[in-house]
Structure formats: C-alpha cells, structure tokens
Amino acid sequence: MLSNTKQKPVNIPEIIQEAHNTFNSGKTKPLEWRKKQLQNLLRMYEENKNAMIDALAKDLRRCKMEAILLEVDYLINDLINTLNNFDEWTKPERPSKAIINVLDDVVIYNDPYGVVLIIGAWNYPLQLLLLPMAGAIAAGNVVVIKPSELAEACAQFIVETLPKYLDNDAVIVVEGGPEESTELLKQKFDYIFYTGGTNVGKIVYAAAVKNLTPVTLELGGKSPVYIDNSVDMEITVKRILWGKFINVGQTCIAPDYILCSKEVQEKFVEFAKNILKEWYGEDPQKSPDLCRIINNRHFSRLQALIDASKDKVVIGGRYDAQDRFIAPTILANVTASDKIMEDEIFGPILPIVPIENAYEAIKFINSREKPLVLYVFSTNKEVTKNIVENTSSGGMCINDTVMQMGVETLPFGGVGNSGMGAYHGKKSFDTFTHKKSCLIRNFASIGEKLASSRYPPYSDGKLKFITTLMKKRNGPSLKYLPYLLTFALGVGISYGIFAWQKVKK
C-alpha cells in the first residue's frame, strides 16, 4: 500500500484502452499542447520543491543537498533544456540527397509512437520516472507511468500531485506493486521504458517481444574503476568515494569495484580513511549526509556480503539492521571469485581487486558482462586511449565519477547486459519519437523525363542511364542545387526575352 487509505482497484485493460483512444483523438500531437504540458510540469517542480525533498527524506533519508542536486534541480534543468530547444527538436529534418532526387523534397518527420509505458525505479524515485516522462510528452505521446512501490512517499507524491498539473487523459499514473506491473505488461503499448535490475529487465523485454514493442532498458551491472599511479591520489579518492557513497551506493552508475596495483591500493586506502572521517565524522551513523538502505530485504543482502568478506574489510564494515544503516565500507585484496564480485553491489561497499597494469585491467573487464559505465583514472593518454578502444561499456568517464550525467548532450544508456537504448537531453525526445521518412516528388516535366528510364520496355541504354544517375558520388552538397537551377532557368528566360525583343526591333 502507498498510504493508509485502501487503494482503489483499477481496471488496467480499460485504462490502457482509454489511453489509446486519447492518442487516436490527436490530442497530444499539437506542439502548443505539448509545450503547455511541459510548462505545467516545470511549475509543478518549482511549486513542490520542499514536498519532493521531504518525500525523498522519508524513503531514503536523503539529505537536502543530494535531493536537490541529484533529483529536484536535475529534473528542473533537464526540463528547461527541453523547453529551450523544443521548437528546434520538433522541426522536420531535411537530410542531404543524391542527384537523382535533386528536384524532390526529402523529409524526416518526428512522429510520436503512441501510448508509452514508463516504469520507474526506487533508488532515484522521482528523477528516473519523471525525466523520461518529460521526453515522452515532448514527443507527443500519451504516457502511462508506474512509480516504484518501494519508495512509498515518492510514489504517493506523484499519485497526488501530478494529476493537478497535467492532462489526466494523456498522462496516467498507475500505482501498485508487482501485480499491477505484471498486468500492465500484458497490455499492448507502442513503447516501453524500464529502469531497474537486469533480471526484471529480461521479463519486461520478453513481454514487449509478444507485441513487437520497442523498448529502452536502463539496467545496471558492475561498473569498474581503473586507477594507475599517474594520478593525483587525493583528488582521485575524493571523486571515487563521492560517486560511490551518494545515495549510500544505491546508484546504478556508482563505481562498483576498483582495479589497481597493490601500491595504488595502499595509497587509496590511506587517503580514504582520512577523507571518510572528514566527510562523515568518527561515527558515520550520526552523519546527516548518509542515506539509508531502502528496505530490510536489500539491507539483509548487503549485510550478507559484508559478513562473507569480513577478513578483507579495511574501512567500515559496521551496520545496524534496525536503522538500515551500513557504514561506508572498503574491502582490499579482493579476488574475482569472491562473492562480492558476483552481482552488482548497489550499496556502500567498495571492493579493490589488485591487478598489475592496464592490460590486465582490460582483460578483467572484458571477461565479464559489459558494464553500464567504465571509469578510468589516469593522466597517461596512451593508457586511456588503450582502455577506450579495447573495452565496451554503456558510457565512460575519465578522471571523475557520475559527473557525466550532468552533460545533457551525452546520451545515457547501457549495452549488452547493462541495457539498451539511451536518453537525456535531446536523446530523451528522440527515444520516444519515430523518425518517419518521406520522399515528396512533384510533376515537373524535367524530373519525369529524367526518371522515365525506369519504365518498360527496358533496354541496355535505359539501364546505363539510370545506373549512372543513381551512382553515389563524393562531391559537394546538392542541397542548394534546385535553387541554382531555378535561378539559372530564370536568368535564361530573362535573357531569351531580352534577345527576342532586340531581334523584334
């Protein structure tokens, strides 16, 4: 349950049918309607900042600074960027064309898919639901959103607040748990966007295949960090620890484990001891800046990982089940076969796996599933180039962690086991947009004459002419050729008239 009042039973097939009826009515297609919805959404963010911060505190004990930076302002800035670029993004595109189409219009229209389903995640319960939703609205779709039932306060905020600002026929909130999610996945959607774990992602993908529904799957995985001895170690440690321990490690792009030499490992641990004490004090449990684990089930899983690695704990290792608190924990001299290296950690535990060099790190990374993000800390350009060119990951960040998410021009998404598809910035709009190609011909006699060789009866001469016409050439753009031809034709006609009048005289 998301509140103390009993949740009303919902008829999901009926809701989805009504959503299709709304889309088919054409309500969501006008650009002005879309822009108005986005402006209303921005107003919702700005008028409910404190309510959003409070909901995040209730669910995750998220401190104000992390709530604002990682969710509230992140959503606001993304939406402002969308509104600022909306007119440009929604314009039909006119790609280059070959000489055979020089007199034609070649256009790519931005069509909405239709009715899209967005399933959010509990670790960033507002951002991971509302950010893709804004992209879907901008693209002209009807949107059905399903908040995570694990983040109860945030789900309740969305259920109660969103309908006050957005068109309830076109943006529909379905609350509930796994039963409702299962029923939703039985329905026919035109696009599905899911954020969460790989195992559930496979279930979503299997459900989508039944209707050949396109999907974006934002999953996770064990994102590695490679460090060599060329870096500024203090800055490196700060950047890695911050990326790891925001939201107490419950971040899909958090550094999952470190690969470095034993010498670097020793330096890392020494700096980490001082930095963590500076950040969170002698007793991290009393720090107002550390979140808590979302629920008892996730806490028990993380506790078991620490218990299985007690001999390798060099920092932290303390936990309190009643408070769902786990101290920032670092493990040293971890091996590939240790339990902590089996699955994504998704908590405040950071293992260090000693290796000899970058070559060995590349081999280690490539022996496992493709990660969502790969982090590299090195000032050696040859090392970074080698890792970039010889590994595969959803994205990369060099000499920092997590900060790549703040660059709206960088698409965010996974590859292989870490997901498919991408979003953020313009890519959010493009994700929920079908690029509809269109060739517009005219009935000009010159164009028909050039193309008449395609008609029977066929001959070698016709074939030679049309293949020559269609042959691809590496030359200057033909974009302005129709205008030049028109200008030349105009000049020719004017000259002809002038010559005729002169002869007449």
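Me: Is Phe299 buried or exposed?

Reply: This is a predicted model: local features need pLDDT of at least 70, side-chain atom pairs count only at pLDDT 80 or more, and totals for chains, interfaces and linings use all residues. Residues are numbered from 1 along each chain as its sequence is written, and side-chain values use heavy atoms, with hydrogens and water left out. Buried means under 20% relative accessible area, exposed over 50%, and partly exposed in between (1.4 Å probe, protein chains only). The relative accessibility of Phe299 is 2%, so Phe299 counts as buried.

Me: What kind of pair do the rings of Phe299 and Tyr319 make?

Reply: The structure holds 10 aromatic pairs. Rings of Phe, Tyr and Trp (its six-membered ring) pair if their centres lie within 6.5 Å; planes under 30 degrees apart count as stacked, over 60 as edge-to-face and the rest as tilted. Here the centres are 6.1 Å apart and the planes stand at 80°, so the pair is edge-to-face.

Me: How many residues apart are Phe299 and Tyr319?

Reply: Helices (H or I, at least four residues) and strands (E, at least two) are DSSP runs, numbered from the N terminus. Phe299 sits in helix H11 (residues 296-307) and Tyr319 in strand S10 (residues 319-320). The pair links distant parts of the chain, and its members are separated by 20 residues.

Me: Which residue lies over the face of Tyr257?

Reply: A charge sits over a ring if NZ of Lys or CZ of Arg is within 6 Å of the ring centre and within 35 degrees of the ring normal. At 5.9 Å from the ring centre of Tyr257 lies Arg368.

Me: Which strands are the edges of the open sheet of 7 strands?

Reply: Two strands pair if DSSP finds at least two bridges between them. The order is S9-S12-S13-S8-S7-S14-S15, with mixed pairing. Two of these strands pair on one side only. They are S9 (313-315) and S15 (395-398).

Me: What is the bridge partner of Ile227 in S14?

Reply: Strands S7 (residues 224-227) and S14 (residues 373-377) run parallel, joined by 3 bridges. Within S14, Ile227 is partnered by Phe377.

Me: At about what angle does helix H9 run to S13?

Reply: Axes are lines fitted to C-alpha atoms, for helices over the stretch in contact, and angles run from 0 to 180 degrees between N-to-C directions. Contact means heavy atoms within 4.5 Å. H9 (residues 233-245) lies across S7, S8, S12, S13 and S14. Its angle to S13 is about 135°.

Me: Is Lys146 buried or exposed?

Reply: Lys146 lies in strand S3 (residues 142-146). Beyond four places in sequence, its contacts include Glu175, Glu180 and Ser181. Its relative accessible area is 2%, so Lys146 is buried.

Me: How many Å in space separate Lys436 and Lys339?

Reply: Lys436 is found in strand S17 (residues 433-440). Lys436 touches Val107, Ile108, Tyr109 and Asp111, leaving out residues up to four places away in sequence. Lys339 is 97 residues away in sequence, and the C-alpha to C-alpha distance is 48 Å.
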